[in-house]
Amino acid sequence: MELQGFRHIYSGKVRELYEPVDPHFSHLVLIVASDRVSAFDHVLDPEIPGKGENLTAMTNFWFDRLDVPNHRSNELEVPAEVAGRAMIAKRLEMYPVECVVRGYLSGSGWKEYQQFGTVCGIELPAGLGFGDKLPHPIFTPAFKAEQGEHDENITFEQTIELVGARVAEELRDLSIGIFIKASQLAAKAGLILADTKFEFGNDPRTNLMTLGDEVLTPDSSRYWDRELWEQGVRDQSFDKQIVRNWLAQNWDQTGEPPTLPEEVVNLTAQKYAELRNKLITI
């Protein structure tokens with residue numbers, strides 16, 4: 001898509017990046033969230049209606065409520081063609097670390113815990129079940145891989161080797177602090193924030209550690225319905241897990257993935273919209 005005043009510079013799995021043509025604004029970038037959906041490192045067909053708009057709205061929702069510098073900028077207007085699913089952002093010097101915080105036992109952490117009693121090498125109490133709340137949130141960083149590659153879980157010591165002790169400690173402390181604050185707010189909407197990932201970078205204009213990328217969306221976080229969780233229903237979420245489950249049952253992960261059926265597309269779209277509607281009640 002061509003946008004007046006902007007030049008397309010990058011296509012990701014689900015987002016498009018543009019830079020302003022005016023060199024006065026070379027420190028900014030336009031981030032457009034598409035309706036594309038990816039799973040198992042493949043972009044799938046068809047798109048999920050409304051997904052880009054819902055993700056952008058949720059990121060803005062959290063930026064408005066977190067007392068942490070973020071990459072959003074109001075120096076330029078978002079073009080009308082992508083209004084609602086795009087934002088003007090500051091260019092950051094991104095740290096090569098995915099800042100993952102886990103408050104509950106699920107996903108790959110559950111698989112590791114069953115084998116070793118640990119999550120990303122961090123020892124946890126014995127006897128925990130799937131979906132149980134952890135004694136306290138844990139920071140389990142990952143090394144950000146190149147496009148098309150899998151991120152790699154790393155230790156905190158490896159994080160220090162990558163970015164230095166001061167930055168590593170700030171990444172950990174900020175991530176856990178944001179997770180706790182967001183969990184408290186999500187609880188007001190009847191939600192559990194099970195885990196999430198953040199990305200940070202240095203803002204070269206202020207030299208401040210700055211929160212970037214999408215934040216606390218269902219593409220970067222696992223949310224559960226608290227009432228269902230208390231009833232013991234742990235295999236629920238407000239994200240594209242429906243897509244992953246269908247693919248796992250209908251594709252052997254060789255060749256190109258099959259086209260998603262209309263029912264799966266509609267259910268996934270409903271989940272994104274439902275989470276957004278729950279959050280705006282806070």
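Guide: Helices (H or I, at least four residues) and strands (E, at least two) are DSSP runs, numbered from the N terminus. The model discussed here is predicted.

Visitor: Is Gln-253 buried, partly exposed or exposed?
Guide: Gln-253 has a phi near 65°, again a positive value in a residue other than glycine, and it is found in the loop between α6 (241-250) and α7. Its relative accessibility is 46%, which lies between the cut-offs of 20% and 50%, so Gln-253 counts as partly exposed.

Visitor: Which residues does Trp-251 touch, not counting residues up to four places away in sequence?
Guide: Trp-251 lies in the loop between α6 and α7. With a relative accessible area of 10%, this tryptophan is buried. Leaving out residues up to four places away in sequence, the contacts of Trp-251 are Phe-40, His-42, Glu-256, Pro-257 and Pro-258.

Visitor: How are α6 and α7 oriented to each other, roughly parallel or roughly antiparallel?
Guide: The axes of α6 and α7 are 8 Å apart, and the two helices pack at an angle of about 155°. Because an angle over 145 degrees falls in that class, α6 and α7 are roughly antiparallel.

Visitor: At roughly what angle do the axes of helix α1 and helix α7 cross?
Guide: Helix α1 covers residues 51-63 and helix α7 covers residues 262-279, and their axes come within 10 Å. The crossing of α1 and α7 is left-handed, and the two helices are roughly parallel because their angle is under 35 degrees. The crossing angle of α1 and α7 is roughly 25°.

Visitor: How many nonpolar, polar and charged residues has the contact of α1 with α7?
Guide: From α1, the residues taking part are Lys-51, Glu-53, Asn-54, Leu-55, Ala-57, Met-58, Phe-61 and Trp-62, and they meet Tyr-272, Ala-273, Leu-275, Arg-276 and Leu-279 in α7. By class, the contact of α1 with α7 comes to nine nonpolar, one polar and three charged residues.

Visitor: Is the crossing of α3 and α4 left-handed or right-handed?
Guide: The axes of helix α3 (residues 156-163) and helix α4 (residues 165-187) come within 7 Å and cross at roughly 125°, and α3 and α4 are therefore oblique to each other. In α3, Phe-156, Thr-159, Ile-160 and Val-163 meet Ala-165, Val-167, Ala-168, Glu-169, Leu-171 and Arg-172 in α4. By class, this contact of α3 with α4 has seven nonpolar, one polar and two charged residues. As to its hand, the crossing of α3 and α4 is right-handed.

Visitor: Which residues does the cis peptide bond join?
Guide: Pro-46 lies in the loop between β5 (42-43) and α1, and Gly-50 also has its place in the loop between β5 and α1. The bond in question is cis, with omega about 0°, and it joins Asp-45 and Pro-46.

Visitor: How many disulfides does the structure hold?
Guide: Cys-99 is in no disulfide, and the nearest cysteine sulfur, that of Cys-120, is 13 Å away, whereas a disulfide needs sulfur atoms within 2.5 Å. With relative accessible areas of 0% for Cys-99 and 17% for Cys-120, each of these cysteines is buried. The number of disulfides in the structure is zero.

Methods:
Residues numbered from 1 in each chain as written. Predicted model: local features only at pLDDT ≥ 70, side-chain atom pairs only at ≥ 80, totals over all residues. Heavy atoms only, no water. Axes fitted to C-alpha atoms, helices over the stretch in contact; angles between N-to-C directions. Parallel < 35°, antiparallel > 145°, perpendicular 65-115°, else oblique. Left-handed = near helix turned anticlockwise from the far one by under 90°. Contact = heavy atoms within 4.5 Å. Nonpolar A, V, L, I, M, F, W, Y, C, P; charged D, E, K, R; others polar. Buried < 20%, exposed > 50% of the residue type's maximum accessible area, 1.4 Å probe, protein only.
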